[in-house]
Amino acid sequence: MTAFSAFYRSSIGKKMIVALTGVILMLFVIGHLLGNLQIFLGPRWVNDYAQHLRDLGPLLWAVRITLLIAVFLHIYFTVSLALDNRRARPQRYQKRDYIKASYASRHMVVSGLVVLAFIVFHLLHFTGRKFNARFPMLKNDPLNHYDVYSMMVYGFQDVYVSAFYIIGLFLLTLHLTHGASSFFQSLGLNDKKLTPQLAFAARVFAWLLFVGYAAIPVAVLLGFIQPAQQL
Amino acid sequence: MNFKLKIWRQADPKSKGKFATYEARNISPDTSFLEMLDMVNDELTERGEAPIAFDSDCREGICGTCALTINGQAHGPKHPAAVCQLYMRSFDDGKTITVEPFRAKPFPLVRDLVIDRSALDRIVQAGGFIAARAGSAPEANSIPVPKHNADLAMEAAACIGCGACAAACPNASAMLFTAAKVSHLAFLPQGAPERTSRVTKMVRQMDAEGFGNCTNTYECEAVCPAEISASFIAKLNREYARAILQRSVGE
């Protein structure tokens, strides 16, 4: 067995792959938020930004494929670890009292799977432009760019869709309150002093993401952002 | 003090276990948990019933033999302490106390509350030692060890191998135990020659025993009677990554 195959078959190796792919996905989540927040700057910004992304062409596909592989590996190895963990305690405790293990840390698989369902919906919704009768009626903006701005506004004007987004975001936040500090430990980049500081920073980070992302559907629902074109 | 005890009874590994209820009456608050169980057992023996089987040895928190999950926590509600260092004053009078064995697949149940923890011994046998005979203790300062490393090695070496980390872990992972055993040698010059092979062998054995995987919940360090920090697991991960890189370059 080569060192590499020993690595990805071992408990620690699998953990490290989950941590590294998690970091890639977190970087995406940060970048995606910064891009989306441009909706508060007006239609020009978001529509230009979206056009720039599409103009990247093969590079955009390279990023998309990297993310897809990261998602696949992140889930594949987590499920493999979770199955091991289930087998490791066939007889459950009748009474269980946790002292330190947080709710988020004990429910990473569930929160992750809800986030996965959310991602599938989100891609169909805004990348596939589904679930909204108005999306096909949208005309291009004055610069002949696709009107992402109005698409987002019309998309979030649906209360049920916005509610599902906020639930998905909440689960992502829960996932990251643990994940955003846990990866330091998995990769060995941690010591006694850093642990509580990283745990705190991860919680702040996760909730900042939540506020940033949730601000968009909330602003639309409250009527602060109106579509650039009436349909 | 009086208590109602809900205790796991199981005649042998194959039979189905269940809780049995017992009364513990007129217990002094300064009785240790194990002494209280001794008193209950005396009564059971007098009545001609089979006494509750449980493990204990030194009864002063050194040996790591007493292994009980009390009210859902490994070693009971007082931390850091082994069950033998737990006193009945830690419980409210008249309450029900639930006692279960440490539960993990690599810790097969022998009888009642007694489990077989030789899986931990096999992890140590896989590499948690120095192969060369080093003779008697040398002159104290003949091998210089930085103070910081000496402190960390001592902290890790405090592990008594009770298995509470694996018992408390939501995933039944023995990562804290293995981390302590790998770390205390990795921090010292005496452990350096076998540093690479030690960590790979011990992790391989830990996985082969069927322990779960660490998900960084840190429940282990909360119940550890020797207060081993979960930061040693980060050290173990570092050691493992280092070993794999070294072996990849070497091959």
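**Ground rules.** I count residues from 1 along each chain as its sequence is written, and chains are lettered from A, with ligands numbered from 1, in the order in which they are written. Since the model is predicted, local features need pLDDT of at least 70 and side-chain atom pairs count only at pLDDT 80 or more, while totals for chains, interfaces and linings use all residues.

**Chain B, overview.** I looked up the secondary structure and found eight helices and seven strands in chain B. Helices (H or I, at least four residues) and strands (E, at least two) are DSSP runs, numbered from the N terminus. The C-alpha trace of chain B spans about 65 × 40 × 35 Å along its principal axes. Of the 251 residues in chain B, 45% are buried. Buried is the word if 20 or more other C-beta atoms lie within 10 Å of a residue's own, exposed if 12 or fewer, and partly exposed in between, with C-beta atoms placed from the backbone.

I also looked at contacts, which need C-beta atoms, placed from the backbone, within 7 Å. Taking contacts in chain B between residues at least 6 apart in sequence, 70% join residues at least 24 apart.

**Domains of chain B.** The domain assignment gives domain 1 (3–111) and domain 2 (117–250); such bounds come from an automatic or database assignment. I get 29 Å between the C-alpha centres of domain 1 and domain 2 of chain B. Each puts residues into the contact: 19 from domain 1 of chain B and 19 from domain 2 of chain B. On the domain 1 side of chain B, the classes are eleven nonpolar, six polar and two charged residues. My classes: Ala, Val, Leu, Ile, Met, Phe, Trp, Tyr, Cys and Pro are nonpolar, Asp, Glu, Lys and Arg are charged, and the others, Gly among them, are polar.

**The open sheet.** Next I traced a five-stranded open sheet in chain B, which has the order S2-S1-S5-S3-S4 and mixed pairing. Two strands pair if DSSP finds at least two bridges between them. Which strands stand at the edges? Strand S2 (18–24) and strand S4 (73–74) of chain B do, each with a single partner strand, so one side of each is left without a neighbour in the sheet.

I then checked S5(B). Strand S1 (residues 3–9) of chain B runs parallel to S5(B), with four bridges joining them; B:Ile7 has B:Val99 as its bridge partner there. Strand S3 (residues 69–70) of chain B pairs with S5(B) in the antiparallel sense over two bridges, and B:Thr69 has B:Glu100 as its bridge partner.

B:Val182 sits in helix H5 (residues 175–186) of chain B. It counts as buried because it has 29 C-beta neighbours inside 10 Å. Not counting residues up to four places away in sequence, B:Val182 touches B:Arg198, B:Val199, B:Met202, B:Leu236 and B:Glu239.

I followed that list to B:Met202, which is in helix H6 of chain B. With 26 C-beta neighbours inside 10 Å, B:Met202 counts as buried. Leaving aside neighbours within four places in sequence, the contacts of B:Met202 include B:Ile123, B:Ala126, B:Thr178 and B:Val182.

**Where B meets A.** I found 41 residues of chain B in contact with 39 residues of chain A. Strand S5 (96–100), helix H6 (195–208), helix H7 (219–223) and helix H8 (231–250) of chain B each give two or more residues to that side. H8(B) gives the largest share, eleven residues. By class, the chain B side has 15 nonpolar, 16 polar and ten charged residues.

**Helices of chain A.** The axes of helix H2 (residues 11–36) and helix H4 (residues 58–87) of chain A come within 9 Å and cross at roughly 145°. Axes here are lines fitted to C-alpha atoms, for helices over the stretch in contact, and angles run from 0 to 180 degrees between N-to-C directions. The contact of H2(A) with H4(A) has eleven nonpolar, five polar and one charged residues.

Is helix H7 (residues 148–157) of chain A largely enclosed or exposed? Eight of the ten residues of H7(A) are buried, so it is largely enclosed by the rest of the structure. Among them are A:Tyr149, A:Met152 and A:Gly155. What covers the buried residues includes helix H3 (43–55), helix H6 (108–127), helix H8 (159–186) and helix H9 (194–221) of chain A.

Methods:
Two residues are in contact if their C-beta atoms, placed from the backbone, lie within 7 Å.
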